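Hi,

Here's the structure I said I'd pass on. Have a look at it first, and my notes follow below.

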Amino acid sequence: MTSRVAAIILAAGSSTRYRAAGGALPTKLVAPLDGAPLVARVADAALASQAGLVIVVTGYARASVDAALEGRPLMSVHNEDYAAGLSTSLRCGLAALPADVKAAIVLLADMPRVSPPLIDALIACAAQHPDADAIVPIIAGERGNPVVLNRSLFAAAATLTGDEGARRLLRHPAVAVVELSVTDEAVRLDIDDPVALAAARR
């Protein structure tokens, strides 16, 4: 592992669509998929990768998410302002990083098919492009997640607002983004509601 790259898992959302569609659990992030809660699958992938530190940002249903992750060697950071959008969780995660961390790979807790090899490929790409501000996976011409943010972007990311995360920042012409072409559909598979969850289980 390398302490110079950390993983930040954003797990603070309110699961609005999941609950509105009849989801029975406090948050979709604790719904089981292949024997483990969604958030635990993402955490386990990050822990098995080359990331030297794993931070999980909690918010809504904090107790349920923490319970799903119990016993794992990660840092849990609570975002009191989670209702104001994804950007607030990104800020919390970045603020928790030690000073020696040079880059962070940002994962979404509702993307449970992201694997350690995919995470490692993005980290390796960042090492090969030290002057890039960000590394983004791309499949069939479409950008996906997770993304690597180099420290050069941390200050700008900390100014983001609303529910968009870093996407708007990565579209700025002054930001140097390297796109890593992948064939893994995991970069665009997220679980929003019980229907998507049932499809992933199939």
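A quick word on terms: by a pocket I mean an open set of grid points with protein on both sides within 12 Å along at least five of seven lines, and its lining residues have an atom within 4 Å of a point. Keep in mind that this is a predicted model.

The largest pocket has a volume of about 1100 Å³. Its lining is made up of 40 residues, with Leu86, Leu108, Asp110, Asp163 and Asp190 lying nearest the centre. Elements that put two or more residues into that lining include strand 1 (2-11), helix 4 (86-95), strand 8 and strand 9. By class, the lining of the largest pocket splits into 19 nonpolar, 9 polar and 12 charged residues.

The second largest pocket holds about 150 Å³ of space. Ten residues line it, and Val5, Lys102, Ala103, Ala126 and Ala127 are nearest its centre. Strand 1 and helix 5 (116-128) each give two or more residues to this lining, which has 6 nonpolar, 2 polar and 2 charged residues.

Now to strand 7 (residues 134-139): 6 of its 6 residues are buried, so the rest of the structure largely encloses it. Ala134, Val136 and Ile138 cover one side, and Ile135, Pro137 and Ile139 the other.

What does strand 7 pair with in the parallel sense? That's strand 10 (residues 177-181), joined to it by 5 bridges, with Val136 partnered by Glu179. Strand 9 (residues 147-150) pairs with strand 7 in the antiparallel sense over 2 bridges, and there Ala134 sits opposite Leu149. Strand 8 forms a hairpin with strand 7, with 2 residues between them, and Ala140 in the turn has a positive phi of about 50 degrees.

Cheers

Note on methods
Residues numbered from 1 in each chain as written. Predicted model: local features only at pLDDT ≥ 70, side-chain atom pairs only at ≥ 80, totals over all residues. Heavy atoms only, no water. Buried < 20%, exposed > 50% of the residue type's maximum accessible area, 1.4 Å probe, protein only. Helix = DSSP H or I, 4+ residues; strand = E, 2+ residues; numbered from the N terminus. Pairing = 2+ DSSP bridges. 1 Å grid on protein atoms, 1.4 Å probe; cavity = no way out; pocket = protein on both sides within 12 Å on 5 of 7 lines; lining within 4 Å. Points joined across faces, edges and corners; volume = space filled by probe spheres on them. Nonpolar A, V, L, I, M, F, W, Y, C, P; charged D, E, K, R; others polar.
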